[in-house]
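Q: Hi, I'm new to this one. Can you walk me through it?

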Amino acid sequence: MRIDIISAVPELLISPLNNSIPKKAQDKNLLKLKIHNLHDYGIGNYRQIDDYPFGGGAGMVLMAEPLSNCIEKLINERDYNEIIYTTPDGEKFSQQTANNLSLHSNLIIICGHYKGIDQRIRDLYVTKEISIGDFVLSGGEIAAAVMTDAIVRLIPGVIGNEESALSDSFQDNLLAPPLYTRPESFKGIEVPQILLSGNHGKIADWRLQQSISRTEERRPDLLNNK
Ligand code: ADE
């Protein structure tokens with residue numbers, strides 16, 4: 001899978017996407033991640049990328065031309081399955097969205113910045129607009145990093161034990177069960193005996209029950225979505 005991210009502040013993406021699982025995905029050649037600095041496509045001597053909004057109002061808008069130049073370069077090189085724009089007014093990101101996007105070969109993610117991007121880029125190129133929640137971030141980079149992380153861990157082979165991604169919270173609309181590791185006793189709290197029993201069938205039943213009761217208690221809306 002290849003993901004191209006277009007950003008005015010690429011530094012924000014470097015660390016989250018070059019460590020841990022996203023790094024492993026790239027090291028295993030299961031992910032090609034390219035971060036494009038929008039300033040490289042800026043206009044004039046000052047490499048301008050933003051301007052005042054027509055009609056007035058606070059904040060700057062990312063100009064159409066630098067974004068278009070970068071997008072055109074990419075779409076002339078290969079076919080993209082989706083051109084995604086990160087924005088608080090997009091559809092809400094979920095595990096299901098991550099599952100669907102992880103099946104694609106080539107994605108572009110455009111990070112908004114300042115007030116947002118010129119509407120004509122949305123009209124001309126963007127195929128999917130995604131929000132990571134009902135709050136406003138300073139830019140789309142952190143949203144793009146969140147989405148990319150959630151997507152790449154689902155690419156087959158990225159996580160050693162395939163089961164590990166399948167047993168994540170939300171994969172089956174259930175939250176994950178509680179986890180314990182050594183020591184068996186910590187500050188007077190014992191690990192549930194069943195987990196020490198070696199009976200894998202009973203452990204799987206216990207975990208499922210724990211997942212169900214945790215979901216009923218914390219996120220009953222997920223059970224109604226089934
Ligand atoms: N950019 C600013 N806020 C955002 C959000 N909540 N989701 C995605 N992109 C954003």
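This is a predicted model: local features need pLDDT of at least 70, side-chain atom pairs count only at pLDDT 80 or more; totals for chains, interfaces and linings use all residues.

Q: What domains is the protein divided into?
A: Domain 1 covers 2-152 and domain 2 covers 167-224. The bounds come from an automatic or database domain assignment. The C-alpha centres of the two domains lie 36 Å apart. The C-alpha atoms of the protein fill a box of roughly 70 × 40 × 35 Å along the principal axes.

Q: Strands next. How many of the residues of β6 are buried?
A: In β6 (residues 106-111), 6 of 6 residues are buried. Asn106, Ile108 and Ile110 point one way from the strand, while Leu107, Ile109 and Cys111 point the other way.

Q: Which strands does β6 pair with?
A: Strand β1 (residues 2-7) pairs with β6 in the parallel sense over 5 bridges. Strand β5 (residues 82-92) also pairs with β6 in the parallel sense, over 5 bridges. Two strands pair if DSSP finds at least two bridges between them. Arg2 stands opposite Asn106, and Glu82 has Leu107 as its bridge partner.

Q: What is the strand order in the open sheet of 3 strands?
A: The order is β3-β4-β7, with mixed pairing. β3 (50-51) and β7 (116-117) stand at the edges with a single partner strand each, so one side of each is left without a neighbour in the sheet. β3 and β4 (residues 61-62) pair in the antiparallel sense over 2 bridges. There, Asp51 stands opposite Val61 in β4.

Q: Switching to helices. Which residues of α8 are buried?
A: Ile203, Trp206, Ser211 and Thr215 are the buried residues of α8. They cover an arc of only 165 degrees around the axis, which puts them on the same side of α8. The arc is that of the directions from the helix axis to the C-beta atoms.

Q: What do the buried residues of α8 pack against?
A: They pack against α9 (220-224). The face of α8 turned away from its buried side carries the exposed residues Asp205 and Glu217.

Q: Which residue caps the N-terminal end of α8?
A: Asn199 does, with a side-chain oxygen 3.3 Å from the backbone nitrogen of Gly201.

Q: Is Ser68 buried or exposed?
A: Ser68 counts as buried, at 17% relative accessibility. It lies in helix α3 (residues 64-77). Ser68 touches Ile121 and Tyr125, not counting residues up to four places away in sequence. Contact means heavy atoms within 4.5 Å.

Q: Last one. Where is Asp40 found?
A: Asp40 is in the loop between β2 (32-37) and β3. Asp40 is exposed, with a relative accessible area of 51%.

How values were computed
Residues are numbered from 1 along each chain as its sequence is written. Side-chain values use heavy atoms; hydrogens and water are left out. Buried means under 20% relative accessible area, exposed over 50%, partly exposed in between (1.4 Å probe, protein chains only). Helices (H or I, at least four residues) and strands (E, at least two) are DSSP runs, numbered from the N terminus. A polar contact is a pair of N or O atoms within 3.5 Å; within protein, one must be able to donate a hydrogen and the other to accept it, and residues adjacent in sequence count only if both atoms are side-chain atoms.
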